[in-house]
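Here are my notes on the model shown below. Please read them with the structure open.

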Protein chains: 2
Amino acid sequence: MRQEQAEPVGNLINGGIIYPAPARKQVIEPRRTLVRMIFAAERFLLLRMLNAIGNPQVQLVLWNGLEISNHQGMVVAQVLIRDRGALFKLLTDPELYFGELYSSQRIEVQGNLLGFLEAVYRVWPLSRQRKIGKKLLAPFYDARRNTLTGARRNIHHHYDIGNDFYKLWLDERMLYTCAYFPSPTTSLEDAQLAKLDHICRKLRLHPGEKVVEAGCGWGALALHMARHYGVTVTAYNISKEQVAFARQRAYAEGLDGQVEFIEDDYRNMSGEFDAFVSVGMLEHVGTDHYRELGEVIDRSLKDSGRGLIHTIGLNYPRPMDSWTERHIFPGACPPSLAQMMQIFEPFDFSVVDVENLRLHYAKTLEHWLQRYEDNADLVTEMFDPKFVRAWRLYLAGSLTAFKMGGMQLFQVAFTRAGNNQIPLTRQYLYESQSNFSGASDGKL
Amino acid sequence: MRQEQAEPVGNLINGGIIYPAPARKQVIEPRRTLVRMIFAAERFLLLRMLNAIGNPQVQLVLWNGLEISNHQGMVVAQVLIRDRGALFKLLTDPELYFGELYSSQRIEVQGNLLGFLEAVYRVWPLSRQRKIGKKLLAPFYDARRNTLTGARRNIHHHYDIGNDFYKLWLDERMLYTCAYFPSPTTSLEDAQLAKLDHICRKLRLHPGEKVVEAGCGWGALALHMARHYGVTVTAYNISKEQVAFARQRAYAEGLDGQVEFIEDDYRNMSGEFDAFVSVGMLEHVGTDHYRELGEVIDRSLKDSGRGLIHTIGLNYPRPMDSWTERHIFPGACPPSLAQMMQIFEPFDFSVVDVENLRLHYAKTLEHWLQRYEDNADLVTEMFDPKFVRAWRLYLAGSLTAFKMGGMQLFQVAFTRAGNNQIPLTRQYLYESQSNFSGASDGKL
């Protein structure tokens with residue numbers, strides 16, 4: 001192979017920083033030639049990788065100072081690749097290994113992390129649709145299926161890493177799901193309260209009714225429903241730490257007679273209820289269990305029953321990105337709306353309202369990321385720098401996905417077919433919106 | 001077969017009016033025996049049919065005065081079967097032939113028609129889910145597929161039967177789709193206006209924008225968008241009579257420079273638009289053409305594009321009842337929400353809002369049926385008594401289906417993925433709701 005081939009390679013992939021071609025007649029030592037050939041090959045492969053993910057406006061910088069990009073001078077961030085091993089991993093599967101290498105500091109992003117992620121997301125979805133990453137996931141999916149024991153293991157991985165950690169960056173009520181911002185300037189605390197109320201209104205709760213909640217987090221919604229709507233709540237969760245926290249809270253707030261927290265799987269629910277609600281659990285159910293979930297709802301609801309499922313969703317079915325699925329949310333799989341309908345259609349449930357709150361999740365994540373950064377030192381003390389970086393990337397990546405339209409947030413309200421106790425219009429949802437927001441009385 | 005068997009048969013199917021068993025020792029003439037055997041067999045079969053459709057609270061009365069029911073004394077209506085031929089047809093396929101026999105007066109409903117239909121719908125859906133009627137439809141479906149020519153034939157059958165006929169019972173704007181009732185006492189005229197406005201608000205139309213409408217009826221929405229939102233509209237429809245009417249109207253209202261009505265299939269749309277809207281067409285598209293519709297929308301919308309589809313829908317996929325599909329709406333097939341998603345998901349459209357207006361359609365149909373009955377004499381003059389009865393049954397049956405939850409009305413709003421020009425909340429839809437309602441200024 002002759003040195004001149006470096007230039008055509010650069011041209012072939014549409015621009016990029018061309019490695020300076022040496023004068024033709026220069027005498028080349030064999031060892032230098034080999035090094036240059038390796039560099040040329042690496043550059044070629046990196047440019048091809050950038051091309052495959054849609055040519056984001058970024059520049060790659062290697063450990064030796066070599067700069068590689070398809071956008072000359074127009075990049076929003078530089079990505080430092082610190083060693084050749086990192087480079088090879090990145091070439092193998094950028095979706096999976098970027099996160100791993102970023103977490104362990106073998107890759108650094110210089111410039112604004114969010115700007116970098118936006119640049120990637122802007123071009124990535126189309127290429128992903130075409131081919132990347134999907135088949136690589138199959139073996140992990142099997143290993144992480146949400147069977148009764150699999151679900152426990154998966155949920156433990158994410159939710160049982162310490163309530164004190166989550167307290168650092170969630171709101172005071174410990175709500176780890178999309179908030180609802182009546183206005184862009186609403187605080188996170190008020191927006192989480194508004195979310196609880198938005199859901200309760202959609203459920204049209206009446207005093208004395210019985211509500212069952214599947215996947216109750218640290219218990220904030222269950223306690224809110226009991227306190228402000230006078231209902232009794234049976235709430236299921238398989239996260240040990242969350243249930244312990246929620247029970248303490250119910251006791252402290254004098255609501256333990258009205259709210260029961262059960263450490264068990266949603267599939268083991270029993271009893272008959274006026275309303276079913278699930279906020280942020282469906283992401284962990286797995287689409288192959290949707291019919292089962294529908295059966296659970298069907299056997300749990302009275303004839304006048306209604307319900308609401310609040311979940312991260314997608315515009316079309318695809319697996320979660322492999323890094324998040326492996327390191328952050330094992331077993332997670334947000335559904336498309338068509339997939340969600342597998343819960344309702346076999347049981348003749350009537351979908352009455354679907355609201356997409358995607359921009360609210362972007363805003364929620366802005367708040368979380370800000371609070372997280374403010375407490376990064378404390379997180380480092382609790383865990384280690386690798387953990388800090390992994391969660392930074394996860395929060396920033398999620399923010400970007402919701403902002404750019406790659407992920408959705410669906411609230412789906414439904415009733416039994418033929419239940420005419422439904423409001424004629426949705427206007428009532430928007431009357432005196434601020435019933436509870438801003439009215440923090442210390443009892444959440 | 002001996003006479004005594006009549007009683008066990010009656011008991012077997014759980015009650016019913018038992019044909020008086022003759023004294024055991026009575027001497028029976030051979031001919032009378034045969035007649036009784038036939039009656040017993042007919043009663044047995046009719047009771048079995050009633051059982052198969054879920055035992056509605058009705059009584060069947062035969063031409064000879066024989067009364068048959070599974071609800072002694074508790075029936076809401078009597079169904080007179082006027083001849084043995086009608087009885088046999090009804091036994092063969094009640095879903096298809098009830099309508100045909102009712103139309104031709106070989107079956108009469110004594111008592112309240114709506115009450116009778118409600119009694120049937122109350123028990124019918126479950127039995128239908130299990131088995132009835134589906135496979136019988138297959139051959140008709142093939143004959144009525146919504147190919148380019150098939151769709152023209154199907155649409156002509158329903159919509160070209162005379163504008164004067166529809167004028168008798170629709171509102172002044174000639175809207176033949178579900179209205180929107182801000183309150184239960186809103187008039188039909190105001191509710192249709194409120195519907196137009198509800199759709200325009202969901203589409204967030206701005207002056208100067210270009211809108212494409214698929215299936216524009218008599219043009220009311222297109223003209224409303226142009227007049228009140230300052231947009232230009234290209235509206236497609238394959239009903240000759242509707243397009244002629246709409247063009248006259250645009251000319252009379254001085255909007256012909258702003259609204260173009262094109263007599264062509266939605267699949268032949270061309271151009272690029274800010275918004276796509278379709279109200280009451282999807283029912284006629286056929287689920288096997290949804291991807292094609294999605295492609296049409298995808299190629300017609302700008303990057304900031306959004307759209308709305310308003311359609312009759314179902315809680316789960318099933319074919320339309322065979323009588324309506326054969327005699328009223330050939331080729332029609334309302335979708336479930338999962339089926340509708342076949343339009344959006346392959347093209348990465350983002351569903352932002354789904355509203356189920358089922359009760360609004362029940363109310364709309366109450367108004368239509370009332371006006372229709374008020375003008376039944378005029379309809380008889382235009383057509384014949386059979387037509388009058390067929391359309392009475394269709395309107396009353398539809399009203400009952402929406403009221404009882406057998407049919408849904410979905411408004412699905414969507415945008416291109418990543419289009420962030422979407423409102424944070426839906427509150428704006430409910431502010432100063434009455435902008436246009438009640439403000440009829442003669443120009444619709």
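1. A:Val61 has A:Glu67 of E2(A) as its bridge partner. Strand E1 (residues 58-62) of chain A and E2(A) pair in the antiparallel sense, with two bridges between them. Helices (H or I, at least four residues) and strands (E, at least two) are DSSP runs, numbered from the N terminus, and two strands pair if DSSP finds at least two bridges between them.

2. On provenance: this is a predicted model, in which local features need pLDDT of at least 70 and side-chain atom pairs count only at pLDDT 80 or more, while totals for chains, interfaces and linings use all residues. Residues are numbered from 1 along each chain as its sequence is written, and chains are lettered from A and ligands numbered from 1 in the order in which they are written.

3. The open sheet of chain A that holds these strands has four strands in the order E2-E1-E3-E4, with mixed pairing. Strand E2 (67-68) and strand E4 (107-111) of chain A are at the edges with a single partner strand each, so one side of each has no neighbour in the sheet.

4. Strand E6 (residues 232-237) of chain A is largely enclosed by the rest of the structure, because six of its six residues are buried (20 or more other C-beta atoms within 10 Å of the residue's own, with C-beta atoms placed from the backbone). A:Thr232, A:Thr234 and A:Tyr236 point one way from E6(A), and A:Val233, A:Ala235 and A:Asn237 point the other way.

5. E6(A) runs parallel to strand E5 (residues 210-214) of chain A, joined by five bridges. A:Ala214 has A:Tyr236 in E6(A) as its bridge partner. Between E5(A) and E6(A) the chain passes through helix H10 (residues 220-229) of chain A in a right-handed β-α-β crossover (with the strands pointing away from the viewer, the path from the first strand over the helix to the second runs clockwise).

6. Five bridges also link E6(A) to strand E7 (residues 259-263) of chain A, again in parallel. A:Ala235 is paired with A:Phe261 in E7(A).

7. The contact between the chains takes 33 residues from chain B and 33 residues from chain A (C-beta atoms, placed from the backbone, within 7 Å). E10(B) gives eight residues, the largest share of the side of chain B that touches chain A. Strand E10 (residues 349-356) of chain A runs antiparallel to E10(B), with three bridges joining them. A:Glu355 stands opposite B:Asp353 in E10(B).

Key. Buried ≥ 20, exposed ≤ 12 C-beta atoms within 10 Å, placed from the backbone. Contact = placed C-beta atoms within 7 Å.
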